[in-house]
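I opened my notebook to look up a ligand and its surroundings.

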Amino acid sequence: MFEIAPSILSADFARLGEEIGAVKAGGARLLHVDVMDGHFVPNITLGFPVIASIRRATNLKIDAHLMIDEPSRYATKFVEAGADMVSVHVEADAHLQRTLVSIREAGGRSGAAINPATPLVALEEALPFADYVVLMSVNPGFGGQRFIETSIDKLRRLRRMIDERNLPTRIEIDGGAGLENIKEIVEAGANIVVAGSSVFGAGRPTEAVKELIEKGTIWV
Ligand code: DX5
Ligand code: ZN
């Protein structure tokens with residue numbers, strides 16, 4: 001079983017409520033919300049008021065992906081604003097364990113996000129404190145980038161690392177996922193697949209989510 005998490009970064013923000021309704025109709029249960037600060041990544045997106053508005057507009061689970069410096073200053077505030085899941089980058093936090101625990105204590109699911117060039121050992125010790133890992137398959141900052149192929153091997157290694165230790169940690173893959181690679185991604189061990197441009201890019205988000213779920217489902 002896997003989940004599609006549509007990323008609203010590629011949605012039409014002037015019609016956000018409608019776009020959210022459309023992905024829900026397609027079978028999505030999560031909504032991936034990219035928070036960028038213009039420092040950790042070369043782009044700026046949104047913050048607390050938008051999360052709070054989305055919270056009021058939908059019962060989909062909100063998965064906030066913080067691409068910001070000093071995430072420990074803000075992580076629990078995102079839970080308070082309405083996020084169900086909050087991920088912080090291992091590259092941005094010298095006290096990752098403490099931040100992950102604080103997200104859990106605030107009532108959220110804790111996520112550790114890792115960039116393509118950061119080795120998995122950087123999050124090894126934090127795994128027991130993470131409800132999920134966000135494995136970046138593009139360098140964060142923008143939607144619509146090409147999937148970095150070596151991410152499949154990294155995903156398999158992460159899957160093994162988690163399974164060998166009998167941990168319940170989920171794996172979310174983020175960046176460049178679409179109909180052409182979703183099956184391979186799910187087979188390599190992803191539980192959650194973020195999809196931005198492949199869901200919102202063609203103006204038919206309901207159908208796009210349905211097709212991704214259909215294509216990624218491993219029939220046994
Ligand atoms: C990239 C973001 C992703 C992005 C994915 O910095 O973290 O969540 O929205 O978009 P696609 O699916 O278009 O690569
Ligand atoms: Zn993201």
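These entries cover the ligand shell, its contacts and the salt bridges.

I note that this is a predicted model, where local features need pLDDT of at least 70, side-chain atom pairs count only at pLDDT 80 or more, and totals for chains, interfaces and linings use all residues. Residues are numbered from 1 along each chain as written, chains are lettered from A and ligands numbered from 1 in written order, and side-chain values use heavy atoms, without hydrogens and water.

**Shell.** I found 20 residues around ligand 1, each with a heavy atom within 4 Å of it. Ser7, Gly141, Gly144, Asp174 and Ser197 are the closest. I sorted the shell into 8 nonpolar, 10 polar and 2 charged residues; Gly counts as polar here. Strand 2 (30-36) is one of the strands that supply at least two shell residues. Strand 2 gives the largest share, 3 residues.

**Contacts.** I looked for polar contacts (pairs of N or O atoms within 3.5 Å). The Ser197 side chain has an N or O atom 2.6 Å from an oxygen atom of ligand 1. For the Asp34 side chain I read 2.8 Å to a ligand 1 oxygen. For His32, a polar side-chain atom lies 3.2 Å from an oxygen of ligand 1.

**Salt bridges.** I counted 11 salt bridges, each a side-chain nitrogen of Lys or Arg within 4 Å of a carboxyl oxygen of Asp or Glu. I picked out Glu3 and Arg29, whose side chains form one at 2.3 Å, N to O. Glu3 is in strand 1 (residues 3-6), and Arg29 is in the loop between helix 1 (16-25) and strand 2. They are 26 residues apart.

Definitions and conventions:
A polar contact is a pair of N or O atoms within 3.5 Å; within protein, one must be able to donate a hydrogen and the other to accept it, and residues adjacent in sequence count only if both atoms are side-chain atoms. Helices (H or I, at least four residues) and strands (E, at least two) are DSSP runs, numbered from the N terminus.
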